[in-house]
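Me: I've got a structure open and I'd like to learn how to read it piece by piece. Could you walk me through it?

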Amino acid sequence: MRRKEGNLLRKLKVGIKEKKSDYEIIIGENIIKKLKDYIEQVYKGKKVFLLSDQNVMSLYGEKITEILTDAHYDYTTFIIPPGEGSKNFDFLLKGYDLLLKEGFGRNNLLLALGGGVVGDLAGFLAATFMRGIAFVQIPTSLLAQVDSSIGGKTAVNHPLGKNLIGAFYQPELVLIDTYFLKTLDRRELVNGLAEIIKYGFIADRGLLTYLEENREAILNYDTEALGDIIYTSCKIKAKVVEEDEKEKGKRAILNFGHTIGHALEAVTDYEKYHHGEAVAVGMAAAAEISRKLSLISKEDRDYLEKMIGDYGLPVTFQYGENSTEVYERLFYDKKAKDGQLRWVLLKEPGEAYIEEELSKDIIMEVLEGLR
Ligand SMILES: NC(=O)c1ccc[n+]([C@@H]2O[C@H](COP(=O)([O-])OP(=O)(O)OC[C@H]3O[C@@H](n4cnc5c(N)ncnc54)[C@H](O)[C@@H]3O)[C@@H](O)[C@H]2O)c1
């Protein structure tokens, strides 16, 4: 199943129907060296605004600024502290201030170099500054490479909840360089792998087989194997987003494992679980609900649990959470429509669908089983 060609440069197109426009996702190893060429495909100006975080800049700042200097870009850097705490109004305002102070206008370009926090904040800054300036995503965490940089959801957190203030705003280009992944710590790598496992279960049995057969290479940061699964994941997400940019229907399928996952993150104050870990527990719960409804077999459910466990992710509550509290938190989800949750369940490993009618009893039984 492994490719023989070495590290390919791969390209995908995301076509947003409503906008009659599309943009490219470029995936490869060390493509950052050609940043100038890629920027020139979408931007003819010289003034660029680089938003990143302190971790990423301490690792790659010198390299990136050297590339920008050699290409004669007039760049301004805006570096935020790492972590979710920076995805807020304070840093958004600081971003607008700096853009204005440095004379940026609507025709300039913003570069987002970092994980999902940087990408979401930069995207919302780009969406709103001067009613929208162009931006390029250069995701550096695995989660950002397979999920947050694609699809155009941008946001900051509000004191009352995560990602509540945002916009759908698509980048001009997404540059995914597997070279960045080598410095990601193991927990962050696995965090991104949870989303990749999700793509396999909702849409691609072949991806699941690949994940089984190449687990060692993947967990050893083999960039070729990572490139393969990133490409497949982006292809799946791009296809879903193309059909339903604003999540009016099918895009909700990407929330497999997220309904319970989000509730779990919330009841533990976003401090205990990494997003991918909470989603992993949520996927195990969704698989168990699917089994209870006789949609999938016990073997299929075990297959999902084994896949998750083999990648070092949890399938049960890790911190003695209270099932009733988790149940109640489900309904705070901003994706609930008029208080009605949309569950993503499995028809088989590799195919999911959306279910709106689920009894409280079945959900509670499954939550109890996770303790
Ligand atoms: N927009 C969307 O569609 C979408 C989808 C999923 C998640 N998100 C958002 O994404 C965020 C989570 O993203 P994340 O997991 O990337 O978190 P993150 O941006 O906080 O990055 C995780 C950690 O990894 C570090 N890091 C990033 N790249 C690195 C590298 N190459 N080497 C070493 N360290 C590196 C960061 O500094 C940070 O400490 C959340 O805010 C979530 O809401 C958005």
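**Reading the model**

Reply: Contact here means that the C-beta atoms of two residues, placed from the backbone, lie within 7 Å. Keep in mind that this is a predicted model, where local features need pLDDT of at least 70, side-chain atom pairs count only at pLDDT 80 or more, and totals for chains, interfaces and linings use all residues. Numbering starts from 1 along each chain as its sequence is written.

Me: Where is Phe317, and is it buried or exposed?

Reply: Burial is a neighbour count: 20 or more other C-beta atoms within 10 Å of a residue's own makes it buried, 12 or fewer makes it exposed, and anything in between is partly exposed, with C-beta atoms placed from the backbone. Phe317 has 21 other C-beta atoms within 10 Å, so it is buried. Its place is in the loop between helix 12 (298–310) and helix 13 (323–330). Helices (H or I, at least four residues) and strands (E, at least two) are DSSP runs, numbered from the N terminus. Phe317 and Tyr270 are 47 residues apart in sequence and 14 Å apart in space, C-alpha to C-alpha.

Me: How many helices and strands does the protein have?

Reply: There are 14 helices and 11 strands. As for overall shape, the radius of gyration is 20 Å, close to the 21 Å that the globule rule gives for 371 residues, so the protein is as compact as a globular protein of that length. That radius is taken over C-alpha atoms, and the rule is 2.2 Å times the number of residues to the power 0.38. Along its principal axes, the C-alpha trace spans about 60 × 50 × 40 Å. Of the 371 residues, 46% count as buried. Looking at contacts between residues at least 6 apart in sequence, 74% join residues at least 24 apart.

Me: What are the domains, and how do they meet?

Reply: Domain bounds come from an automatic or database domain assignment. Here that assignment gives domain 1 (10–183) and domain 2 (186–369). Taken over C-alpha atoms, their centres are 26 Å apart. At the join, 27 residues of domain 1 are in contact with 25 residues of domain 2. On the domain 1 side, the elements giving two or more residues are strand 1 (10–16), strand 2 (21–28), helix 5 (142–148) and strand 8 (161–168). By class, that side has 13 nonpolar, 7 polar and 7 charged residues. For the classes, Ala, Val, Leu, Ile, Met, Phe, Trp, Tyr, Cys and Pro count as nonpolar, Asp, Glu, Lys and Arg as charged, and the others, Gly among them, as polar.

Me: Which residues touch the most other members of the largest nonpolar core?

Reply: A nonpolar core is a set of buried Ala, Val, Leu, Ile, Met, Phe, Trp, Tyr and Cys residues joined through C-beta atoms within 7 Å. The largest one has 109 residues, and Leu51, Leu110, Leu111, Val281 and Met283 touch the most other members. Domain 1 and domain 2 both give residues to this core, so it lies between them. Take Leu110, which lies in strand 5 (residues 109–114). Leu110 is buried, with 25 other C-beta atoms within 10 Å. Not counting residues up to four places away in sequence, Leu110 touches Phe49, Leu51, Ala122, Leu125, Ala126, Ile133 and Phe135.

Me: What surrounds the ligand?

Reply: A residue is near a molecule if its C-beta atom, placed from the backbone, lies within 6 Å of it. For this ligand, 29 residues make up the surroundings, and the closest are Asn55, Gly115, Gly116, Ser141 and Ser148. Elements giving two or more residues to the shell are helix 2 (54–70), helix 4 (116–128), helix 5, strand 8 and helix 6 (186–203). By class, the shell has 9 nonpolar, 12 polar and 8 charged residues.

Me: Which phi value does Tyr221 have, and where is Tyr221?

Reply: Tyr221 has a positive phi of about 60° although it is not a glycine. Its place is in the loop between helix 8 (215–219) and helix 9 (223–243). With 16 C-beta neighbours inside 10 Å, Tyr221 counts as partly exposed. Ser294 also has a positive phi of about 60° without being a glycine, but with 7 C-beta neighbours inside 10 Å, Ser294 counts as exposed.
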